[in-house]
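Have the structure open while you read, and take the points in any order you like.

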Amino acid sequence: MAQKKQNLRDEFLDIKSLDDLHNFFAARGFNCHLNDGELDIDISDEGGQEFIKAFVFEKASEISSRVRSYVGGLYCTLGISSDFENFYFARYGFGLGGASSNLRVLKYRISKEKIRTEDKHISLQRLQGLKFNHLKSWDELFDRKDISKKFYSEYKNKKIQLAKRIVGIADNEERSFYASVLLNRIIFLYFLQKKKILNGHERYLTTHLIKYKQDKQSYYNGFLCPLFFETLCIKQQDRSPELNALTGENMPYLNGGLFLKREIEEKYPAIDVDNKAFEEIFQFFESWFWHTSERDEGEEDAVSPYILGYIFEQSLGENKSQGVYYTPPFLSEFLTHETIYNHFITRLALNNKDGNKEEKEDTPEDALINWLNKANDDELTSFFEKELRDITVCDPACGSGQFLVEALHELSALHKILVEIAKSKNYAKLQKAIQASYEMDGDFIYAIRRHIVTHNIYGVDLLNEATEISRLRLFIGMIE
C-alpha cells in the first residue's frame, strides 16, 4: 500500500499537461476524451452526473464561471493552473443540476507544493479513493470532515497538554474544562486576526507572546487576562490609557459572553498558565490557514468557522444522550435555502399565480428573483417592510448554529439584491425604507449582516456552550 501511494504521488507530480492528466485517470479505469482543449473524464455510466470536465485556466475567477456555464451530465469541473501546480475540483454546493447565481460553488484544491513538502497529505488519500461508478468517492472530495478530524486530533492533544500546564485548579475535570474555555477564546481570536481586526495585526497573539517570553513574564496573567476581561468586553471609550498601551488602541468591543469571566475563573482567582503551552498552541494554529468564510475553498490545511461546530460536536457530543448531532453543511445549506425561499413565495402568493407552464415550473429561488426584478417601487418597499426586514428565523435546538449561519447567508443575499435594485432603478421609497434600517452606502454587506443578526435570527439550546458557539459563528459571519 505504501508503494502504491508513493507511485500515486510521483504520477500526480509528473502531470504537466492534459495528456498527462488523461494518462493518470485512464490508468485508474476512467474513460477520458480530449475535446477542444478540454478533457472529459467519465466517472460513471449510470445516473445523471456522469463526467467531469478538466481545463487549464489563467485566472482563478474562471473556475466559478465554468461551473455555471456547464449543464447536463456534468458532475464537477477540474480547473488546473497554467503551470500545472494547483488543481481545483469545483461544483455546486447542493449537488443540484442547473445554474443559479445564489448557489455557492464548492471547491477543493490540491497543491503540488504541499504534496512535495509534506509526508502526509489528505488529498493523496482522496485521489487514491476515486473510483469509476462510485460517485460517493467523488463526493468525498468536497467533504470537510476528514480535514476537521485532522485538526481536531491535534487540537485534542493540545488541550490535554494545556490542561496539564494550568496551575491554580486542583480538580482534573475542571482543569480540562478550563482548557476548553481558553482554546475557544483563542480560536475565535485567530479568526479575527485573519481579518486584521486585532489592532491591525495578523499575528497579534504570537507577537505579544514573544515579548512576554523574552521578559520571562506570565503571558496569561500579564496579557491575556487584561485582553479578555478589561479590553474585548469593555467599550472602547471606557478603557483606560494603560489598557490601550498594553493591548492596543484599535481593539474591537465584542459584546458577548465569551470574554466575560466564567464561574470557574471567579472560583479560582489564582489561575496561571505556563508560557510554553501557548507557544505550542500558536505553533499548531499557525500551521493552518484561517478563513473567516464558512464557504472556503476546501484546502487541506484551511480552517473555517465550520471547525467550531465540529469541535463542539466532538467535545460535547461523544455521549449522544446529550442530543448533540452536527448537520453536514451541504444539508443545512439546502434545507435553509429551500425553506426561506418557499416562505417568501408563499407569502407573496407566487406559487398560486396564473401563468404559463414554464413559470409554474420555476424553482422557488427563480420565482422570487424574477418577481423582485419586475416589481415596482411600492411593491418592493412593501416586501422589504412587511416580509424581509422583520422575518424571524428560529432554531429551537441550535447546537453550534449551523442552520442560523446558513440563514444569515440566505437573508443577506436577498437584502443585497434589494439594495442593488434600489440603487440601479433609483427607487426613492425603497431607498428610504432601507436607510431606516441600515446604511446602504459603502460597505453595506456588514450593515446588512449586522441587521440580520440583531433582528432576525434566534437560537435556543439546553447547552450554554452551544449558544455561545452559535454567537461566535454569527459574529464571524458579520465580519466575513
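1. A word on helix axes before anything else: an axis here is a line fitted to C-alpha atoms, taken for helices over the stretch in contact, and the angle between two axes runs from 0 to 180 degrees between N-to-C directions. Two packed helices are described by that angle together with the distance between the axes. Bear in mind as well that this is a predicted model.

2. With that in hand, look at α15 (residues 329–347) and α18 (residues 377–388), which pack at an angle of about 120° with their axes 12 Å apart. Angles of 65 to 115 degrees would count as roughly perpendicular and those over 145 as roughly antiparallel, so α15 and α18 are oblique to each other. Their crossing is right-handed. On the α15 side the contact is made by His-343, Phe-344 and Arg-347, and on the α18 side by Phe-383, Glu-387 and Leu-388. Sorted by class, the contact of α15 with α18 comes to three nonpolar residues, one polar and two charged.

3. While you're on α18, have a look at Thr-381, which sits in that helix. Is Thr-381 buried or exposed? Thr-381 is buried, because its relative accessible area is 9% and the cut-off for buried is under 20%. Once you leave aside neighbours within four places in sequence, Thr-381 is in contact with Lys-429, Leu-430 and Ala-433.

4. Which residues meet here? From α8 come Leu-183, Ile-186, Ile-187 and Tyr-190, and from α13 come Phe-278, Ile-281, Phe-282 and Phe-285. By class, the contact of α8 with α13 has eight nonpolar residues, no polar ones and no charged ones.

5. Now the overall picture. The protein chain has 22 helices and 12 strands. Of its 480 residues, 51% are buried. Take the contacts between residues at least 6 apart in sequence: 64% of them join residues at least 24 apart.

6. Phe-55 is worth a click. This residue is in strand β3 (residues 51–57) and is buried, with a relative accessible area of 1%. Beyond four places in sequence, the contacts of Phe-55 are Glu-38, Glu-62, Ile-63, Arg-66, Thr-77, Leu-78, Gly-79 and Ile-80. Ser-82 is 27 residues from Phe-55 in sequence, and the two are 9.4 Å apart in space, C-alpha to C-alpha.

7. Over to α9 (residues 204–214), where you'll find His-208. At 18% relative accessibility, His-208 counts as buried, since the limit is under 20%. His-208 touches Tyr-219, Phe-223 and Leu-246, not counting residues up to four places away in sequence.

8. Glu-230, in α10 (residues 219–232), is partly exposed, with a relative accessible area of 41%. Setting aside residues up to four places away in sequence, Glu-230 touches Cys-225, Arg-239 and Leu-243. Between Glu-230 and Asn-244 there are 9.9 Å in space, C-alpha to C-alpha, and the two are 14 residues apart in sequence.

9. Two backbone spots to check. Most residues other than glycine have a negative phi. Asn-199, though not a glycine, has a positive phi of about 55°. Asn-426 lies in the loop between α19 (402–424) and α20 (428–435), and its relative accessible area of 59% makes it exposed.

10. Last, the cysteines. How many disulfides does a search of the whole structure find? The search finds zero. Cys-32 counts as buried at 12% relative accessibility, and Cys-233 counts as buried at 15%.

Methods. Residues are numbered from 1 along each chain as its sequence is written. This is a predicted model: local features need pLDDT of at least 70, side-chain atom pairs count only at pLDDT 80 or more; totals for chains, interfaces and linings use all residues. Side-chain values use heavy atoms; hydrogens and water are left out. A disulfide is a pair of cysteine sulfur atoms within 2.5 Å. Buried means under 20% relative accessible area, exposed over 50%, partly exposed in between (1.4 Å probe, protein chains only). Helices (H or I, at least four residues) and strands (E, at least two) are DSSP runs, numbered from the N terminus. Angles under 35 degrees count as roughly parallel, over 145 as roughly antiparallel, 65 to 115 as roughly perpendicular and the rest as oblique. A crossing is left-handed if the near helix is turned anticlockwise from the far one by less than a right angle, and right-handed if clockwise. Contact means heavy atoms within 4.5 Å. Ala, Val, Leu, Ile, Met, Phe, Trp, Tyr, Cys and Pro count as nonpolar, Asp, Glu, Lys and Arg as charged, and the others, Gly among them, as polar.
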